[in-house]
Amino acid sequence: MSDASNAHPALLDVRDVSKAFGAVEVLRSVSLQVKRGEVVTVIGPSGSGKTTLLRCVNFLESYDSGSIRIDGREVGYREAGTRQRRSERDLAAMRAETGMVFQSYNLFPHLTAAGNIMLGLTKVRGKSQAEARTVAEHWLGRVGLAHKADSLPAELSGGQQQRVGIARAVAMEPKILLLDEITSALDPELVGEVLAVVRSLAEDGMTMLMVTHEMAFARDASSRIVFMADGGVSAVGPPKEILAAETTNERLRTFLARFRASHF
Amino acid sequence: MGYALNFNLIWRHFDKLWGGLLLSLELAVISITIGVVIGLVLAVWYVSAGRVVRAVIAGYVEFIRNVPLILLVYLVFYGLPTVVDLAYSAPTSFVLTLSVYSGAYLVEVFRSGLEAVPRGQLDAGKAIGLTPWQRLLHVRLPAMLRITLPALSNTFISLFKDTSIASVISVPELTFGAQWINFNTFRIVEVYLVTTAMYLVTGYIMLFGLRLVERRSRAAR
């Protein structure tokens, strides 16, 4: 991990982040770095804190200690280690720098596909309706939905909705894209079209941190894989190393064995 | 029984009913509009407020919902001016009462709607960098409206019918017009048949209009 963070400062720098829901420790001193242009995948059994970690990165969840920096700026709290929460206005501005795609798409149901993308562009980025529409159409084209610009979410399939979700996130030109199990709610035959979009974004150099259960995709698309267990980072490395059957990490081996048993 | 229906006297005084219906609609529209403002403001305040504000708003809602409207009408029209130095006409007094009354019911409708908006949509609003105010305006309220439309239709129609209570303080709305005709012609069956039909038709027209809005928004779900 150190070889990744020394030469160039990481775009995303998570250090010793801990969080508890009451007595349950969901994150235990988690550290991880993502460099510009990297695709880092987080895997692990459910309940291992993957999604919570992702939600801390754009401060949809607060954390109890540690620090999360994007491009050198502390995310949720004011600088100088005061643990003083940023103002809502500040938080909104920080969040606009990270894109997030959700497991359940979370499109705004009253807005069309284009409208979903345009909302942030007009209200947050201050673009005119016409400019925003052009950007929205560009990104809908990129995800293969140019012809669905004026469709409402209810008129789209799950895979199409998720592609709109991706377009909505990337249209804001975020520094980093967070993908939270984005294919888990999809019918198996729709997974491919969504992953194809993610792959093409990776090829364009989009920095991504993603949580997924798609091991084959993680192996092919990631620069590095982070294995989380019990709220902590248990192993980090290139896909080949992490997904190797002969890994010495006991927990990882159990996870992979269970995973293979249930998926193949 | 040798009662023969005779509507002639009703038609002769029909202007009392027609004028009454228009006044009923006017009372309803003004009161509901004010009630919607009260309801929206308090509901939005409620879902983001602390315990004290919540308790005060809940107290208002509970008070209104547990007191008969007719009592509130008497209290505001006869009671209030004797305590404070106020003078208002009967229609104004009734609009004031029905506004506060409808506000309490609408707080409940809007509050439950706001709380029913899926959290994921609010997260999505946060994730693209909307401020709390923008999230409310562009994400939560539109989503809340489509959730509450069916309940809202029922409440509106119910409040329209409640305007009949204005007759007890001699506001010349539809029910008062019916009473006037009854007292002056003794055609009790005819006048209340016609009046019932007028409430019914107006209610159906309102329902039809609101259902149209509902259907359009459901298509958009």
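Reader: Hi! At what angle do helix 2 and helix 7 of chain B pack?

Author: In this predicted model, helix 2 (residues 14–48) of chain B and helix 7 (residues 132–162) of chain B pack at about 140°, and their axes are 12 Å apart. Angles over 145 degrees would count as roughly antiparallel, so helix 2 of chain B is oblique to helix 7 of chain B.

Reader: Nice. Which residues meet there?

Author: From helix 2 of chain B come A28(B), S31(B), I32(B) and V44(B), and they meet L136(B), F156(B), L159(B) and F160(B) of helix 7 of chain B. By class, that contact has 7 nonpolar residues, 1 polar and no charged.

Reader: And is the crossing of those two right-handed or left-handed?

Author: Right-handed, for helix 2 of chain B passing helix 7 of chain B.

Reader: Switching to chain A: how do helix 4 and helix 6 cross?

Author: Their axes come within 8 Å and cross at roughly 25°. That is under 35 degrees, so helix 4 of chain A is roughly parallel to helix 6 of chain A. This crossing is right-handed.

Reader: Who makes that contact?

Author: Helix 4 of chain A brings A113(A), N116(A), I117(A) and G120(A), while helix 6 of chain A brings V164(A), A167(A) and R168(A). They split into 4 nonpolar, 2 polar and 1 charged.

Reader: Last one! How many residues of chain A are in contact with chain B?

Author: 23 residues of chain A, facing 19 residues of chain B. On the chain A side, helix 3 (88–95) and helix 4 (113–123) each give two or more residues, and helix 3 of chain A gives the most, with 5. That side of chain A has 13 nonpolar, 5 polar and 5 charged residues.

Methods. Residues are numbered from 1 along each chain as its sequence is written. Chains are lettered from A and ligands numbered from 1 in the order in which they are written. This is a predicted model: local features need pLDDT of at least 70, side-chain atom pairs count only at pLDDT 80 or more; totals for chains, interfaces and linings use all residues. Two residues are in contact if their C-beta atoms, placed from the backbone, lie within 7 Å. Helices (H or I, at least four residues) and strands (E, at least two) are DSSP runs, numbered from the N terminus. Ala, Val, Leu, Ile, Met, Phe, Trp, Tyr, Cys and Pro count as nonpolar, Asp, Glu, Lys and Arg as charged, and the others, Gly among them, as polar. Axes are lines fitted to C-alpha atoms, for helices over the stretch in contact, and angles run from 0 to 180 degrees between N-to-C directions. Angles under 35 degrees count as roughly parallel, over 145 as roughly antiparallel, 65 to 115 as roughly perpendicular and the rest as oblique. A crossing is left-handed if the near helix is turned anticlockwise from the far one by less than a right angle, and right-handed if clockwise.
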